[in-house]
Amino acid sequence: MARLLLIEDDADTAGDVLDDLRGRGHEMVWAATGPDGARAARDGLWGAIILDRMLPGQDGLRVLQDLRRDGDRTPALVLSALGDVDERIRGLRAGGDDYLAKPFALGELAARIEALLRRPVDSRATVLRVGSLEIDLIAGTGRRGGRDLDLLPRELKLLAYLMRSPGQIVTRAMLFEEVWNYRFTPKSNLIDVHLGRLRRKLEAGGEAPLIQSVRGLGVMLSPDA
Amino acid sequence: MPELLRSTTLRWALGIALWSVLLALTIFAFIYWQTATYLREELAETLRLEVRAAAADPAAAAMRVETWTAMDLHATHYGGLFGPAGARRAGNLGAVPDRLARDGDAYRVSATVDVAGRTLDDEIWAAALALPDGGTVVIAHDTDEIDRVRVTTLRALGLGLLPTLALSGLGGVLLARRARGRLASTEAALAEVMRGDLRKRLPVGSRGDEFDRLAGNVNRMLDEIEHLMGEVRSVGDAVAHDLRTPLTRLRARLERSRAQARTVAEFHEAIDQGLAWIDQTLTMITAVLRIGEMEDGRRRAAFSRVDLAEVVGVAVEFFEPVAEQRGVGLTVSISPGAHTIRGDRDLCFEALSNLLDNALKFTPRGGVVRVGVDRSGGATVITVEDTGPGLPPAEHAKVFQRFYRAEVARRTSGNGLGLSLVAAIAKLHTATVTVRAGATGGCRFDLVFPSAEGSKAGAPSV
């Protein structure tokens with residue numbers, strides 16, 4: 001669990017986010033203005049910073065740019081109001097590591113923050129193992145126990161993403177961004193069909209399910225042994 | 001009257017009048033100058049000849065001078081024969097004019113002359129030559145004739161200018177009056193438009209002049225504004241309607257659960273259902289806002305080079321499992337070569353994904369959805385064709401309107417915004433999207449993108 005800084009001027013939104021993330025075991029600190037947030041960001045050691053785009057006193061992106069210019073690499077997630085234009089691009093250019101448009105589901109925010117906290121993942125590993133599951137990204141092969149899995153390239157990529165964060169909730173939007181590499185919110189059933197196909201391949205030998213659905217949030221790969 | 005003075009037409013008329021006056025003045029000045037020079041030269045030549053003739057024969061000089069002055073009917077000829085001491089021997093000049101060179105050439109000088117028994121000072125043109133005996137012969141002519149030319153010219157100018165000025169001014173006032181008359185009705189119509197009556201149109205005359213064309217253009221602009229206003233209003237109504245439905249259901253569900261749910265699981269179920277409805281509503285609001293953003297062309301920060309072949313490949317692969325699940329074939333054919341455009345790859349994916357979603361939704365089990373990428377005349381064309389029921393031609397243009405649900409779509413899920421988003425994305429990319437009947441009776445959507453090569457020069461780097 002981590003220390004997180006929330007820079008957000010809207011007290012209601014801040015209250016919901018603080019409660020939710022505290023409930024997930026994080027230690028939360030709230031700053032309501034740009035200058036306060038900038039000061040807090042410099043004074044403390046943070047696992048991640050969540051900051052709103054529009055802040056009184058100072059633009060959220062300015063705060064972030066200043067931090068980055070001073071060499072602060074703390075993972076940052078930029079929040080922004082729905083309907084703002086090209087916000088994601090600006091947020092990422094200013095040094096944000098992830099971006100979420102309001103209104104967002106609290107579960108989505110939590111899942112993304114946890115993904116940021118897990119960084120940096122050792123993405124150089126080319127053979128991944130979780131329980132009885134093993135995949136070789138170079139050879140493009142997968143095995144469960146003693147059984148070879150016949151995986152399509154995209155399925156291998158999907159599995160690899162899930163296996164790099166076992167036991168963590170991954171939302172459908174995160175999956176789509178990472179595996180298909182497009183930023184867009186597809187209808188949830190489209191991702192579910194892909195997951196369903198992958199599940200059937202993983203469980204074709206009558207094994208226990210590896211990929212669990214988390215209602216209303218996303219999926220999670222749990223080690224079976 | 002002050003309003004008339006501010007009138008552009010009147011100012012133009014006055015300007016033109018002023019210009020004509022200047023032109024007339026210049027022409028008159030030129031004519032005067034030419035005439036005067038000519039007359040002066042004629043006179044000078046006569047004087048030179050006369051004085052030379054008189055000096056050539058000193059014995060007859062007195063007679064020549066007398067003949068010259070006697071030839072004169074209007075008392076304009078002067079002459080004189082003077083002794084070496086300056087005493088007059090003949091003629092009507094009082095004395096040899098001062099400063100008159102005796103070289104036989106004509107000069108303008110002042111002199112004392114005797115006319116009709118009186119002595120007076122006059123300006124004359126005179127030529128003088130010395131005689132062998134030291135005397136001087138002078139032949140002269142007064143300047144009145146040349147001066148009269150100037151006076152006549154000036155009088156003619158004055159008499160001509162006044163009517164010119166008066167007529168131009170009058171013409172200007174009349175023109176301005178008439179233009180004001182035409183403008184007044186236009187202004188009255190515009191005032192009504194500005195008060196909010198967008199159905200009012202400007203009067204258009206039958207002459208087809210600039211003024212009529214302008215009024216016609218303003219009317220077409222008003223047509224477009226009225227059409228857009230109507231669209232905005234109907235979109236507003238549709239949003240309100242589409243918001244009310246899920247909110248009503250949500251309200252009923254919450255009320256019912258509050259009264260009836262007994263267990264935590266039952267409450268959770270009610271909340272999950274509520275969240276699903278809220279998400280559906282938010283999706284619709286987001287879509288409306290994004291369409292608006294894109295129609296304003298405000299979403300180009302992410303523009304870069306996009307390989308449409310890659311986008312189509314990934315999109316088709318993404319939809320393949322769901323097509324298989326529905327028992328619909330999904331085929332793709334990508335012509336060889338580059339299919340690069342300038343654009344936002346995420347939005348291109350979204351547009352294609354909406355077209356695919358739409359095609360799969362309306363294609364019955366056993367049908368086929370064909371996707372193609374091809375180049376045609378410098379443009380890149382993405383085609384999505386299905387074997388569904390198709391659309392009547394009357395609905396072809398309407399399917400891209402916000403909240404429009406085609407007859408065949410009434411019983412399917414969807415918010416009537418998917419194809420509007422496609423149209424908005426196309427517009428943002430200066431691409432076009434059209435629908436027509438497919439080869440096998442279904443729908444065929446064509447997304448035509450201008451190629452990156454054509455637009456590369458002026459495009460900012462991202």
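The model you are looking at is predicted, so every angle and distance here is computed from it. B:R99 sits in the loop that runs between β2 (88-91) and β3 (103-115) of chain B. Its phi is near 60 degrees, a positive value in a residue other than glycine. That is worth a glance, because most residues other than glycine have a negative phi.

You will find A:N181 in the loop between α7 (172-180) and α8 of chain A. With 13 C-beta neighbours inside 10 Å, A:N181 counts as partly exposed, since that class lies between the exposed limit of 12 and the buried limit of 20.

While we are on backbone geometry, look at A:K102 and A:P103, which are joined by a cis peptide bond with omega about -5 degrees. A:P103 belongs to the loop between β5 (98-101) and α5 (106-118) of chain A. For context, most peptide bonds are trans. Helix α1 (residues 11-23) of chain A has 13 residues and spans 18 Å from its first C-alpha to its last, close to the 18 Å expected at 1.5 Å a residue. After α1(A) comes A:G25, with a positive phi near 95 degrees.

Next, the strands of chain A. Strand β11 (residues 211-214) of chain A pairs with β12(A) in the antiparallel sense over four bridges, and A:I211 has A:L221 as its bridge partner in β12(A). Three residues separate β11(A) from β12(A) in a hairpin, and A:G216 in the turn has a positive phi of about 75 degrees. Strand β12 (residues 218-221) of chain A also pairs with strand β10 (residues 170-171) of chain A, antiparallel over two bridges; here A:V170 is partnered by A:V219.

Now over to chain B, which has 10 helices and 12 strands. Of its 462 residues, 26% count as buried. Among contacts in chain B between residues at least 6 apart in sequence, 63% join residues at least 24 apart.

One piece of chain B to trace by eye is an open sheet of five strands with mixed pairing, in the order β7-β9-β10-β12-β11. Its edges are β7 (329-334) and β11 (432-437) of chain B, each of which pairs on one side only. Neighbouring strands of this sheet are turned by 15 degrees against each other on average, direction ignored. Within the sheet, β10 (residues 379-386) and β12 (residues 443-450) of chain B pair in the antiparallel sense over seven bridges, and B:V384 stands opposite B:F445 in β12(B). Packed on the sheet is α8(B), which touches β9 (368-376), β10 and β12 of chain B and whose direction makes about 20 degrees with that of β10(B).

In soluble globular proteins, nonpolar side chains tend to be buried together. The largest nonpolar core here has 98 residues, and A:I50 and B:L352 have the most contacts inside it. Helix α8 (residues 345-362) of chain B gives the largest share of this core, 10 residues. Apart from this core lies another of 27 residues, including B:L93, B:V96, B:L100 and B:A106. As for A:I50, its contacts beyond four places in sequence are A:L4, A:L6, A:V17, A:L77, A:L79 and A:I113.

Helix α8 of chain B also holds B:E350. Is this glutamate buried or exposed? B:E350 counts as buried, because it has 23 C-beta neighbours inside 10 Å and the threshold is 20 or more. Leaving out residues up to four places away in sequence, B:E350 touches A:F184, B:L421 and B:I425. Its C-alpha atom is 8.8 Å from that of B:A315, 35 residues away along the chain.

Chain A puts 18 residues into the contact and chain B 21. On the side of chain A that touches chain B, α4 (87-93) and α8 (188-202) of chain A each supply at least two residues, with the largest share, four residues, coming from α8(A). This side of chain A divides into 10 nonpolar, three polar and five charged residues.

Technical notes. Residues numbered from 1 in each chain as written. Chains lettered and ligands numbered in written order. Predicted model: local features only at pLDDT ≥ 70, side-chain atom pairs only at ≥ 80, totals over all residues. Contact = placed C-beta atoms within 7 Å. Nonpolar A, V, L, I, M, F, W, Y, C, P; charged D, E, K, R; others polar. Core = buried A, V, L, I, M, F, W, Y, C linked by C-beta atoms within 7 Å. Pairing = 2+ DSSP bridges. Axes fitted to C-alpha atoms, helices over the stretch in contact; angles between N-to-C directions. Expected span 1.5 Å × (residues − 1).
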